[in-house]
Amino acid sequence: MGDVKLEHVTKRYADVTAVDDMNLDIRDGEFVTLVGPSGCGKSTTLETIAGLTIPTEGTITIADREVTNLPPKDRGIAMVFQNIALFPHMDVYDNISFGLRLRDFDKEEIERRVERATEILQIQGMLDRMPEEMSGGQRQRVAIGRAIVREPEVFLMDEPLANLDAKLRVHMRTELQRLHKELDTTIIYVTHDQAEAMTMSDRIAVLNEGQLQQIAAPLTCYNEPANRFVAGFIGSPSMNFLEGELTADGITTDDFAVEFDVAALDGYGPGDDVTLGVRPEDVHLEENADELAHPTTPFPAQNDVIEPMGDEIFVYLIVHDLEGGGQEGAVTERDPDEQVLMSVDPDADVEMDARVQIVFDRSRLHLFDTRTGDAITHGLVQPASGVDQRAQGAESEGDD
Amino acid sequence: MAGEAETSRQSQEEEDAGLYERWVQESMQNPERVYNGLFYVVTLFFLVTMMFPFYWLLVLALTPNEQIANMGLLPRGFNVEAFVRIFELLPFGRFVFNSIFLALLTTAIVLLLASLAGYVFGRLEFPGRQPLMLLILAISYFPPAAFLLPLFDLFTGNVVIPLGPVAIQSPVLFNTPGAMILPFSSLFMPLSIFILTTFYAQIPDGLEDAARVEGTTRIGALFRVIMPLSAPGVATAGILTFIAVYNEFFFSFLMNDGQAQNWAPIVWGILGYQGQYTQFYNLMAAASIVGVLPVVILVVIAQERIVSGLTAGALKE
């Protein structure tokens with residue numbers, strides 16, 4: 001039973017609170033990833049679970065046993081470290097069997113387990129090598145082997161792939177998933193790489209500034225982010241955020257309007273400051289709008305920078321103050337970050353500085369409270385009355 | 001004609017000046033040559049100043065004692081017998097054994113305690129770390145004479161500590177290894193603490209964390225991972241401590257009565273060859289050479305052996 005429970009775990013240092021009232025309930029056999037930017041407290045959280053750090057407040061339960069103040073060796077955990085942390089003075093066999101030898105396992109049992117681990121990780125025949133004679137990937141496998149042979153209740157992994165090169169990292173990602181399937185043990189994984197989190201986890205716990213932002217399945221975090229931070233962190237490239245204000249029949253920004261049924265919102269009404277979130281793949285050129293079930297009203301934009309990626313093209317769009325062609329000074333009024341990034345098919349015909357009309361996929365828009373950042377709704381409901389979208393669009397253009 | 005002679009003299013002078021100038025010129029263009037020359041000069045100087053005492057000891061040891069007055073630089077005779085006589089006249093082997101025993105035991109104690117202290121100072125953050133470290137270093141500069149008298153009183157059982165109704169008399173350590181090992185350890189510990197602190201501080205935290213997760217305690221991680229990985233530092237601290245104790249004179253001389261069976265070290269053995277009426281200078285010289293040998297062996301051969309040996313041992317675990 002490898003379930004892990006964190007209740008009100010807080011870790012304060014002299015001048016910072018690294019982890020702030022963390023509550024996690026991780027089920028047996030689950031692959032949970034703690035993800036967040038550096039300094040968000042994810043590693044500290046993992047260290048409190050490992051016992052390398054004792055929390056200031058709160059309790060930690062592993063396999064129905066309270067372990068808050070137990071030393072790491074008595075917690076039934078094994079850990080894989082970012083810097084791999086193989087003992088440089090021991091060969092691979094001694095490294096892998098270190099924990100077993102400390103626990104006085106008999107020799108045959110140790111050999112049996114080491115052999116199984118080397119099979120799983122495909123490092124047979126390397127047992128008498130020293131860590132320094134191995135490549136980064138091999139070392140990381142040995143480090144994972146050292147964790148596997150202990151047959152722990154819970155695996156803790158602290159950015160185990162961070163020090164590997166990009167290609168190997170992707171490869172090890174799949175291996176870790178295979179490993180999880182094979183061992184069926186709880187894995188708590190820490191990374192700052194949202195792609196790793198998305199691809200491997202059963203659930204993602206997004207952390208920021210020591211606080212849990214959301215814990216949910218990867219696609220839930222992607223499609224229904226709990227707040228603006230999660231929305232911006234999960235997904236690459238990042239979601240576009242456009243600040244605006246609620247009106248009686250939609251949201252208006254300085255540059256465009258999206259009309260929807262504001263009455264359907266709970267607790268928000270006209271006049272509230274909200275932020276519209278839209279992912280690059282949900283921004284479309286008007287000519288492709290027919291494919292969408294619920295496109296928004298088209299509005300004008302101008303291509304700024306174009307980045308062909310091969311399988312798609314990223315287009316940075318300027319949406320603000322297009323009319324004033326020569327009066328560029330006016331643009332500075334608004335945050336330059338408030339460009340809109342659009343992802344289009346590689347065969348799309350986009351040109352630098354060209355004027356385009358763009359639409360959003362209404363069902364995939366997100367609305368956040370500008371002040372708190374909390375998500376208000378995901379997917380905007382069509383307004384009840386079927387307004388002529390073209391006319392409305394022209395009107396909103398006129399508003400500018 | 002006179003003009004011709006003048007020019008020839010001039011050219012001669014020019015040539016003379018030319019030799020020196022050419023040498024200067026060459027040296028400036030190729031300073032490497034001068035540096036090389038200087039290197040050999042300095043090396044020779046140090047070799048002579050350092051090796052001459054040993055040569056002189058050998059000369060004295062080989063010269064029969066009756067001819068030893070007004071010695072020159074060369075031995076008068078070849079009296080190897082002195083190296084045998086030293087063992088016949090006194091149990092000199094026991095003196096050497098005592099010295100080595102004291103040095104080894106002190107080294108073991110120092111390495112153990114200094115490792116713990118080195119771990120604390122090198123790897124843990126705590127308030128007052130810096131002042132405490134300075135205090136420990138300051139201790140190593142205390143003059144031993146300053147605490148000779150109190151220690152002597154303590155180790156001869158003259159200190160009585162009243163504890164309510166009972167009074168505890170300090171144990172009589174005089175003439176036992178304890179009377180020397182205790183002050184040795186405290187005097188030579190600070191250097192080892194300093195060395196080990198530096199080495200232990202460099203071992204990555206991840207390795208210690210890994211060891212602790214794998215099943216060691218903090219102290220277990222220290223002895224299984226941090227210490228083996230700091231083998232060169234541990235060897236350095238150990239060798240320095242061993243040599244310092246082996247060479248120590250003050251407490252070695254004062255904390256026992258000079259009898260070999262009472263743990264008197266080599267210094268007593270060497271001084272034992274001077275009687276009231278005769279001074280066996282040749283025997284003292286021979287004994288000095290024998291006494292130096294263990295350290296010479298340790299430094300010349302074992303230093304490398306110990307460093308590589310410790311590392312290799314650590315590699316195999």
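User: Is the crossing of H2(A) and H4(A) left-handed or right-handed?

Analyst: Helices are DSSP runs of H or I with at least four residues, strands are runs of E with at least two, and both are numbered from the N terminus. A crossing is left-handed if the near helix is turned anticlockwise from the far one by less than a right angle, and right-handed if clockwise. For H2(A) and H4(A), the crossing is right-handed.

User: Which residues of H4(A) make the contact with H2(A)?

Analyst: Contact requires C-beta atoms, placed from the backbone, to lie within 7 Å. From H2(A) come Val92(A), Asn95(A), Ile96(A), Phe98(A) and Gly99(A). From H4(A) come Val142(A), Gly145(A) and Arg146(A).

User: How is the model made, and how are residues and chains labelled?

Analyst: This is a predicted model: local features need pLDDT of at least 70, side-chain atom pairs count only at pLDDT 80 or more, and totals for chains, interfaces and linings use all residues. Residues are numbered from 1 along each chain as its sequence is written, while chains are lettered from A and ligands numbered from 1 in the order in which they are written.

User: Which helix of chain B has the highest confidence?

Analyst: pLDDT is the predictor's confidence in each residue, from 0 to 100. Chain B averages 86. Confidence is lowest in H1(B) (residues 2-29), at a mean of 72. The highest, at 95, belongs to H4(B) (residues 92-123).

User: How do H4(B) and H10(B) lie to each other?

Analyst: The axes of H4(B) and H10(B) (residues 231-247) come within 8 Å. They cross at roughly 140 degrees. H4(B) and H10(B) are therefore oblique.

User: How many nonpolar residues does the contact of H4(B) with H10(B) have?

Analyst: Ala, Val, Leu, Ile, Met, Phe, Trp, Tyr, Cys and Pro count as nonpolar, Asp, Glu, Lys and Arg as charged, and the others, Gly among them, as polar. This contact has no charged residues and five polar ones. The nonpolar count is ten.

User: Which helix of chain B gives the most to the side that touches chain A?

Analyst: In total, 17 residues of chain B are in contact with 22 residues of chain A. H8(B), H9(B) and H13(B) each supply at least two residues of this side. With seven residues, the most comes from H8(B).

User: Which residue is the bridge partner of Leu34(A) in E9(A)?

Analyst: Four bridges join E3(A) (residues 31-35) to E9(A) (residues 203-208). The two strands run parallel. In E9(A), the partner of Leu34(A) is Ala205(A).

Technical notes:
Two residues are in contact if their C-beta atoms, placed from the backbone, lie within 7 Å. Axes are lines fitted to C-alpha atoms, for helices over the stretch in contact, and angles run from 0 to 180 degrees between N-to-C directions. Angles under 35 degrees count as roughly parallel, over 145 as roughly antiparallel, 65 to 115 as roughly perpendicular and the rest as oblique. Two strands pair if DSSP finds at least two bridges between them.
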